[in-house]
Amino acid sequence: MKKLTVAKRFQNPEENLLMEIGILAKQTEGLIDLSIGDPDLDTNQTIIDYAALSAKKGHTHYTLSDGSPEFVQSVIDFYQKNYQLTFEKNQVRATVGVSHGMYLALLAILNPGDEVIIHEPFFSPYRDQVLLAGGIPVVIPTFEEEDFQLDSQRLKAAVTDKTKAIIINSPNNPTGAVFTKDTMKKIADIAIENELYILSDEIYEAFTFYETFTPMATYAPDNTITFSGFSKAFAMTGWRIGYMISPSPVNDVARYLNENISYAANSLSQKAGTYALDHFDELVPDVVAVFKERLEYIEQRVAAIPFLSMGKVKGTMYAYISTEKTGMTSVAFVEKLLKETQVLMIPGTAFGVKTGMNHVRLAATQSKEQLAKAFDRIEKMTF
């Protein structure tokens, strides 16, 4: 007899740490939530007005599966203007955020058993998406004392005849690290030598505070699949719009896959994204300045607390704070923090068990006033 059950691979799920902490947080009064990477800033009114006007003009229908010609061209123009990179229209596609693009790419390139190298700490969906796409995640660590740079020797050692791709994320969630040009060049050289894809998540590209961002496609154009979008730099998380730039054979497969999943990204979000990219220089600097100021403030507050420490944040909207001096695991620290101060952060083990045991991630997605309240509470803790 057939049973109405879910697939066997989902019948004994792994512990979902973030879900459990989220449930606990919902039961906490007076919560200061520093866990979620959703900016407290609203989308700029000019973007909203443009999308609303587009809706009134009748732009409420499907676009092409790859995205509207206007959206695709705005992505091409953006990379030509800002990075002097030239892409063809058949390389670009609109996606429902970066994670959607990443999953399409993994489905497009992986055969069962192919290995994908991921540097830890990592955005947790990477590992799960590799598994869901039939691949095997191979995790290699990065360390705070090395500024969380991906070491080329460790990367070389992880490459086998089964390796198909490397996922990189710079600027990095959760560490705030930005790979140096030397690191990027070495990754590119290894990928080219071993005929590997580089899946480069560049959603935080605007949040490089102290240097100019350089896309991975600059170093390995034929090997790189680029993902970026609008959620962070334009405070457009709810619009669910991003893009993927890949070699045309990969995009051809992604088109086939996506026509059986979501067909096309939201048409009004594409309109909003087109306007946003075309006005990048006007809209983004103010957003980036807010998070730079907040993270520099967080660095000052952490430096004054004896049981916490952190390195210099080079990018993103996150602080990756060491809790090693407390003698507690990251999970235990987060639970104590929530119970005693009503402040919520995410334990580092959510981003990898090899390196996250003594770190927590703080998302600077609340105002400086809220951050001040949070640290006023935290500094009173005892261990």
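Tutor: In this predicted model, a cavity is a set of grid points where a 1.4 Å probe fits but cannot get out, and its lining residues have an atom within 4 Å of a point.

Student: Which residues from Phe78 to Ala206 line the second largest cavity?

Tutor: The lining of the second largest cavity also includes Ser228, Gly229, Phe230, Ala233, Phe234, Tyr243, Leu277 and Phe280.

Student: How many residues in the lining of the second largest cavity are nonpolar?

Tutor: The second largest cavity has a volume of about 70 Å³. By class, its lining holds two polar residues and one charged residue. The number of nonpolar residues is nine.

Student: How many cavities of 30 Å³ or more are found, and how much space lies in the largest cavity?

Tutor: The search covers the whole structure and finds two cavities of 30 Å³ or more. The space in the largest cavity is about 80 Å³.

Student: How many charged residues are in the lining of the largest cavity?

Tutor: The lining of the largest cavity includes Ser170, Lys181, Glu211 and Tyr219. Asp, Glu, Lys and Arg count as charged, so Lys181 and Glu211 belong to that class. Beside five nonpolar and five polar residues, the number of charged residues is two.

Student: What is the omega of the cis peptide bond from Ser170 to Pro171?

Tutor: Ser170 is one of the residues that line the largest cavity. Pro171 is placed in the loop between strand 5 (163-169) and helix 7 (181-194). The bond from Ser170 to Pro171 is cis, with omega near -5°.

Student: Where is Pro174, and what is the omega of the peptide bond from Asn173 to Pro174?

Tutor: Pro174 lies in the loop between strand 5 and helix 7. The peptide bond from Asn173 to Pro174 is cis, with omega near 25°.

Student: Is Gln84 buried or exposed?

Tutor: Gln84 sits in the loop between helix 3 (69-83) and strand 2 (92-95). Although not a glycine, Gln84 has a positive phi of about 55°. Because its relative accessible area is 55%, Gln84 is exposed.

Student: What is the phi of Asp147?

Tutor: Asp147 belongs to the loop between strand 4 (136-141) and helix 6 (152-158). With a relative accessible area of 48%, Asp147 is partly exposed. Asp147 is not a glycine, yet its phi is positive, at about 60°.

Key: Residues numbered from 1 in each chain as written. Predicted model: local features only at pLDDT ≥ 70, side-chain atom pairs only at ≥ 80, totals over all residues. Heavy atoms only, no water. 1 Å grid on protein atoms, 1.4 Å probe; cavity = no way out; pocket = protein on both sides within 12 Å on 5 of 7 lines; lining within 4 Å. Points joined across faces, edges and corners; volume = space filled by probe spheres on them. Helix = DSSP H or I, 4+ residues; strand = E, 2+ residues; numbered from the N terminus. Buried < 20%, exposed > 50% of the residue type's maximum accessible area, 1.4 Å probe, protein only.
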